[in-house]
Amino acid sequence: MSYFRQNINDADGYVPGFQPQNADVVKLNTNENPYPPSPKVVAALGKVSAEQLRRYPDPLGQSFKQAAGNLHGVDPDWILCCNGGDDLLSITIRAICDSQRPLAYPVPTYSLYPVLAQLHGCPVQEIPFNEGFTLPSQLVEVQAPLTIVCNPNAPSGTRIETETLATLAEGLKGVLLIDEAYVDYANAHCLDLVRDYPNVLVLRSMSKGYSLAGVRFGYGIAQPALLAGLLKVKDSYNVNAISMALARAAIEDQDYFQDHINAIKRDRQTLTDGLRQLGMAVVDSQTNFVLAQVQNGSAQKLQELLGARDIHVRYFALPGLQDKLRITVGTAQQNVKLLDALKALLP
Ligand SMILES: *Cc1c(COP(=O)(O)O)cnc(C)c1O
C-alpha cells in the first residue's frame with residue numbers, strides 16, 4: 001500500500017548539484033554565472049511596489065515578452081514565459097507525452113529529462129551520441145512525439161550545427177525542443193529554425209548567461225500554434241511579478257551581459273589550456289563549463305578531494321562520464337585556485 005502513483009513510487013527524483021551554504025567556497029558545480037547580475041536588475045528589485053505584490057501577476061508576462069521580442073526580432077506572441085527553463089521542459093512533456101507517446105533524446109545529456117518523463121509516466125528513448133558528440137541518425141528514425149536536443153549539450157559542452165537540427169526538424173513529425181540553456185556562451189543559435197519549422201520550440205534560461213539562477217526565469221520561443229497547446233498546461237500564474245521585472249531588466253542591459261559573457265569565454269580558454277597542461281583531456285566547450293577527462297586515477301575520488309578543499313565540481317556516475325569532471329568556468333581567480341589544487345592532487 002502506498003499513497004502514490006506507481007511512477008512516483010518508482011521514481012528516484014532529480015538530484016540537484018550540491019549547494020554549499022558557506023559563501024567563500026569555490027563553487028564550480030552547477031554552472032551558475034560567477035558574476036552578479038546587472039546593477040539595473042538590483043535597481044528593478046528596489047522598485048517592486050507593494051501593489052505589485054498584492055495583485056496577481058500578468059499571467060502571460062507581456063512586458064517581458066515585449067522586451068525579449070525586441071531583442072530576438074520575433075513577435076511577442078511567439079514567446080512563453082516560464083518559471084525557469086525547467087518549467088518549460090515540464091510543461092512540454094506534460095502537453096505532449098504519455099504512456100503511449102515517448103520522449104527521445106541523445107545521451108549523455110541533462111539528467112532532468114528522464115526524471116520528468118518518469119514522473120509523467122512516459123517512456124524514454126535514449127539514443128547515444130555518436131563519437132565526438134555528433135547527432136545520432138536513430139533520433140529521426142524513432143519518430144518520438146517529443147524529441148529534445150540540448151544544444152550546446154550538457155555535460156559535453158559541444159554544439160550541433162544549426163543546419164543539422166534543421167534537417168532533424170524537417171524529418172520529425174513530432175515536436176523538436178532545442179534546449180538552449182547555454183546558448184549565451186556559444187558561437188551560434190537555433191532561433192531562426194522557429195520561423196521555418198512549426199514543430200520547433202527553443203528553450204532559453206536566464207539562469208546561466210544572465211546570472212539569475214535564484215530568480216527562476218526562462219522562456220520558450222515557437223510559433224503561436226505550438227505555444228497555444230503549452231499555454232493550456234502551464235500554471236495560470238507560473239511566473240511571479242518580481243521575477244518578471246528582474247528578467248526584463250536583465251535582458252534590457254545587453255552591454256553588461258555581453259561584457260561578462262566575453263570575460264567567461266576568455267577565461268574558459270585559459271581554464272581549458274590549464275587543464276590540458278595538467279594532462280587532462282578537455283573537449284572545446286561552447287558553454288560556461290568544461291568536461292575534463294581524468295587520465296590517471298579516479299574522477300570521483302578527485303571530486304571528493306577537491307570538495308575537501310572547498311572547491312566544488314560535478315561528477316556524474318553515468319556511462320561515458322565516470323572518468324570525467326564537469327567544471328563550471330568561474331572568475332579568473334577561482335579558476336586559478338582550481339588549477340593550483342589540481343596541480344597538488346594529480347599524480
Ligand atoms: C540550467 C538548465 C536548464 C534550465 O534551468 P533553469 O534554471 O530552470 O532556467 C535547462 N536545461 C539545461 C541543460 C540546463 O543546464
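Leucine 80 stands opposite glycine 220 in β8. This is a predicted model, with residues numbered from 1 along each chain as its sequence is written. Local features need pLDDT of at least 70, side-chain atom pairs count only at pLDDT 80 or more, totals for chains, interfaces and linings use all residues, and side-chain values use heavy atoms, with hydrogens and water left out.

Strand β2 covers residues 79-82, and β8 covers residues 218-221. Helices (H or I, at least four residues) and strands (E, at least two) are DSSP runs, numbered from the N terminus. The β2 and β8 strands run antiparallel and are joined by four bridges. Two strands pair if DSSP finds at least two bridges between them. Both faces of β2 are covered. Ile79 and Cys81 are buried on one side, Leu80 and Cys82 on the other. Buried means under 20% relative accessible area, exposed over 50%, partly exposed in between (1.4 Å probe, protein chains only).

## The three-stranded sheet

An open sheet has the strand order β9-β10-β12, with antiparallel pairing. β9 (281-282) and β12 (324-328) each have a single partner strand, so one side of each is left without a neighbour in the sheet. Two bridges join β9 to β10 (residues 289-293). Valine 282 has alanine 292 in β10 as its bridge partner.

Helix α12 packs on this sheet and touches β9, β10 and β12. Contact means heavy atoms within 4.5 Å. The direction of α12 makes about 10 degrees with that of β10. Axes are lines fitted to C-alpha atoms, for helices over the stretch in contact, and angles run from 0 to 180 degrees between N-to-C directions.

## Serine 243

Helix α11 (residues 241-252) holds serine 243. Serine 243 counts as buried, at 4% relative accessibility. Its contacts, leaving aside neighbours within four places in sequence, are Val215, Arg216 and Phe217.

## The cavity

A search of the whole structure finds one cavity of 30 Å³ or more. On a 1 Å grid over the protein atoms alone, a cavity is a set of points where a 1.4 Å probe fits but cannot get out; a pocket is an open set with protein on both sides within 12 Å along at least five of seven lines; lining residues have an atom within 4 Å of a point. Grid points are joined across faces, edges and corners, and a volume is the space filled by probe spheres set on the points.

The largest cavity holds about 70 Å³ of space. Its lining has 14 residues, with Ser38, Gly209, Tyr210, Tyr256 and Phe257 nearest the centre. Helix α12 (residues 254-277) gives the largest share of this lining, three residues. By class, the lining has eight nonpolar, five polar and one charged residues. Ala, Val, Leu, Ile, Met, Phe, Trp, Tyr, Cys and Pro count as nonpolar, Asp, Glu, Lys and Arg as charged, and the others, Gly among them, as polar.

The largest pocket has a volume of about 820 Å³. It is lined by 39 residues, and Ser111, Phe316, Ala317, Leu318 and Leu321 lie nearest its centre. Elements giving two or more residues to this lining are β3 (103-107), α6 (112-119), β9, β10, α13 (299-308) and β11 (311-312). The lining has 23 nonpolar, eleven polar and five charged residues.

The second largest pocket has a volume of about 620 Å³. Of its 32 lining residues, Tyr14, Thr30, Asp86, Tyr110 and Lys208 lie nearest the centre. α5 (85-96) and β7 (200-205) are the elements that give two or more residues to the lining. α5 gives the most, with three. The lining divides into 14 nonpolar, eleven polar and seven charged residues.
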